[in-house]
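Here is a short report on one structure. Look at how the chains relate, then at a helix pair and an aromatic pair.

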2 protein chains.
Amino acid sequence: MTIAILGGTGPQGRGLALRFARAGVPVTLGSRDGGRAEQAAAELQGQLEGGAARIAGRDIRGAVAAADEMVILAVPASAHDATLESIRDLLEGKVLIDIVVPLAEGDPKAVAMPEAGSATEAAQALLGERIPVVGALHNVSATVLNDLEHRINCDVLVCGNDLAAKEKVMALIEKLDVRAYNCGPAVNARCIEAITPILIRLNISRKVPFTHAGIRIWAPDA
Amino acid sequence: MTIAILGGTGPQGRGLALRFARAGVPVTLGSRDGGRAEQAAAELQGQLEGGAARIAGRDIRGAVAAADEMVILAVPASAHDATLESIRDLLEGKVLIDIVVPLAEGDPKAVAMPEAGSATEAAQALLGERIPVVGALHNVSATVLNDLEHRINCDVLVCGNDLAAKEKVMALIEKLDVRAYNCGPAVNARCIEAITPILIRLNISRKVPFTHAGIRIWAPDA
């Protein structure tokens, strides 16, 4: 079951491709420049051992066409809407996983939400209710994703209006040996996306003794 | 250094009073009915050992007057603005700690933010810039607070526009043996307050094997 990662040559996309391929999920990276995507795919494949699934590279539309069911949108916030417009006709029957965080231009410690309220809601409005959009993976540091020596030890907060689509995405994410939580409808992306600039602020702060922070749900008895 | 807790007879207020008094911080509970506050104070004091600081009870204005520096607003969201209006003239020189989460009427799994964006921002707008407002303690379960057998094992996300006030509040909160993080300006309360209904959703969910969840910042090397 091949998944597509659009913006797959960026740090978040590369880290996800490595993690999913290692977990046995074939990945097609999508980039505006298909050649660059192919090159990145070959590089990433070289970092993995023989048993990993295949990482391929295509242009954006080619990657969406290659995906069986799920397409991860990992482009810069500035390319969010235009990318969706360019692939909308290919998404019929698929689930769009939106991991984009609308960070403020020039200030990664702040969020500049679109008029719809959040990137996930903007995607859902743009694609219409027939294409389910699931927000997820916003708060996982790219550095953590790319560091294959360590587990992803934070949790993944998942939201969206279509329960079946969310459950499919949660099952996919849990292949990465990480706990995914159903955090309600798409409107909750206003909160979940906005956690990322707070984590970035902590990472930058000289008063906090760590970087690449994540978020976890704490179970009192744990 | 006495602190006031307004809405101090509610579950959040009682739990905070117990924890602060046990940590040596004198508390005056404030309630619309001063007699009820006195009664709750006596009950709570009875739950604590001899070394604890004193818990007193007063009406709302009496409690604010009794506070040296910090006033915690823990009233129901519906009483948020009216309570602030009624004490505004007494807050000069003090810090208001706003822990109110504007949960949607009839649906604790959703948030209904005020026009200002969040309760913390609404409080800051109402009080004016001379009275610093710090948002904090939104995501700590009342059950966890009242269970003195166990540590509060989640983190506290603190926000506000006045750094000195935030640092004062963080130092106060850390007396509860909990980690407080400076999470930026008051606008970030839109995210932090909205985490609570997500936690409530997880607590209610039959698919999540725990209740009274909290939020934690995960340090990758921890």
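In this predicted model, chain A superposes on chain B by a rotation of 180° with 0.0 Å of shift along its axis (RMSD 0.0 Å).

Next come two helices of chain A. Helix α1(A) and helix α2(A) pack at an angle of about 45°, with their axes 10 Å apart. That makes α1(A) oblique to α2(A) (under 35 degrees is roughly parallel, over 145 roughly antiparallel, 65 to 115 roughly perpendicular, the rest oblique). Their contact means heavy atoms within 4.5 Å.

| Helix | Residues | Contact residues |
|---|---|---|
| α1(A) | 11–22 | A:Arg14, A:Ala17, A:Leu18 |
| α2(A) | 34–47 | A:Ala40, A:Glu43, A:Leu44, A:Gln47 |

The structure holds 2 aromatic pairs over all chains. Rings of Phe, Tyr and Trp (its six-membered ring) pair if their centres lie within 6.5 Å; planes under 30 degrees apart are stacked, over 60 edge-to-face, the rest tilted. The rings of A:Tyr181 and B:Phe210 have centres 6.2 Å apart and planes at 70°, so this pair is edge-to-face. A:Tyr181 lies in strand β10 of chain A and B:Phe210 in the loop between α8 and β11 of chain B, so the pair joins two chains.

Residues are numbered from 1 along each chain as its sequence is written, and chains are lettered from A in the order in which they are written. Local features need pLDDT of at least 70, side-chain atom pairs count only at pLDDT 80 or more, and totals for chains, interfaces and linings use all residues, while side-chain values use heavy atoms, without hydrogens and water.

Note on methods
Axes fitted to C-alpha atoms, helices over the stretch in contact; angles between N-to-C directions. Helix = DSSP H or I, 4+ residues; strand = E, 2+ residues; numbered from the N terminus. Least-squares fit on C-alpha atoms with pLDDT ≥ 70 in both.
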